[in-house]
Amino acid sequence: MTTLQKTFVLLLCVVVLVLIYFLNPILAPFLAGIIIAYLGDPLVDKLEGGHVPRAIGVLLVFLAFVAVLCAATLIILPLMVRELADLIGNMPLFLEWLQETASPWLVTRFGIDPFDVNLDNIANGVMGNWQKTGGIVGAVLTRVTQSGFAFLGALGVVGLTPVVAFYMMRDWDLIMARILGMVPRDVEPSFISLCKECDEVLGAFLRGQLLIMFLLGVVYAIGLYAVGLDLAILIGMLAGLASIVPYLGFFVGIVAASIAAMFQFQDPVYLGYIGIVFLIGQALEGWVLTPWLVGDKIGLHPVAVIFAVLAGGQLFGFVGILLALPLAAVVMVFVRYLHKSYLGSEYYDTGDPEVVVEKE
């Protein structure tokens, strides 16, 4: 690439980041729609290859996505809401258990009392706020309707996302062809190679990692339900969601499930059962799900994953969290390309014998 081309690419990246920062409040439905279109385009291409008109293929794939989403929402969400309602309802008993059982045990074993606070006031405050809102749905609706703009924003996300997804999925190949047509001819081969590698990485993340998170949540939920834990689905899905960061889902899930089991059963034996459930989940993730669905295409170190999520949230809020890992994976593709180019450049291999002697 020439110096002018490199300058143009750098300025384009800066402009995109500035636009993301200032347009952050309205980007969520467009970003969600683009992700859905990206996930659905390979399926549409396969249908189109089977002599199905693209518009019909887009409609079929779109309806399939909607059906899966509605089914998951109707099956899982009510169970999670019920478990969360039970958790809030049992909060005074849980706080009493912390004060009268867990705290003395910690004092006896380790000489510390982490619950040396007025738990009665906390319980009264939690129950008072809970009764005022009239339940989980009431609390969410009260929070959303406090601001007309927030309500319209939430409505816009729900309404615009399917519209953006449908039209992006329909015109995906056309958009990609127009982007490719604007690339300078001398860098087209390198650009196509990098795009293919980015596509493999993004596909592995979006189609693989997200599916792994869902399957892990199901495995954890079923295992904890078999143990008899009341909050099995809530904790299982939370652990699956946290699995976007390596080992975080295992840590969060086993800690939350252990505390819930000790409060519910008052028997340390159940801690062993919970440990078995999460060890099975980790074994499935490491030996089956990740090699099968993702492989080593993403190539992100766990520390890089944590940094990307935190940095994205700090810079761009919720949109930044959604963009963090896909963008980090794409950046790693360019970093590997630059590293390879550097190793083959004259800056790395000077070919000067005197330099080699001095190094030795």
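1. The largest nonpolar core has 22 residues, and those touching the most other members are Tyr38, Val44, Met169, Ala308, Leu325 and Val333. A nonpolar core is here a set of buried Ala, Val, Leu, Ile, Met, Phe, Trp, Tyr and Cys residues joined through side-chain atoms within 4.5 Å. Buried means under 20% relative accessible area, exposed over 50% and partly exposed in between, with a 1.4 Å probe and protein chains only. Two or more residues of this core come from each of helix 2, helix 3 (54-89), helix 9 (188-227) and helix 13 (302-343). Helix 13 supplies the largest share, eight residues. A second, separate core of 17 residues has Ile235, Ala239, Ala257 and Val277 among its members.

2. The model is predicted: local features need pLDDT of at least 70 and side-chain atom pairs count only at pLDDT 80 or more, whereas totals for chains, interfaces and linings use all residues. Residues are numbered from 1 along each chain as its sequence is written, and side-chain values use heavy atoms, with hydrogens and water left out.

3. Helix 2 (residues 24-49) has 26 residues and spans 37 Å from its first C-alpha to its last, close to the expected 38 Å; the expected span is 1.5 Å times one less than the number of residues. Helices (H or I, at least four residues) and strands (E, at least two) are DSSP runs, numbered from the N terminus. At Gly40, helix 2 bends by about 40°, and Pro42 follows within four residues. The bend is the angle between axes fitted to the seven residues ending at a position and the seven starting there. The buried residues of helix 2 include Leu31, Tyr38, Gly40 and Val44. After the helix comes His51, with a positive phi near 70°.

4. Tyr38 is in contact (heavy atoms within 4.5 Å) with Trp172, Asp199, Leu202, Gly203, Leu206 and Arg207, leaving aside neighbours within four places in sequence. Leu202 lies in helix 9. Leu202 and Val330 are 128 residues apart along the chain, yet their C-alpha atoms are separated by 7.3 Å.

5. Why is helix 10 described as largely enclosed by the rest of the structure? Nine of its 11 residues are buried, among them Ile235, Met237 and Ala239. Ser243 is in the loop between helix 10 (232-242) and helix 11 (248-265). Ser243 counts as buried because its relative accessibility is 5%.
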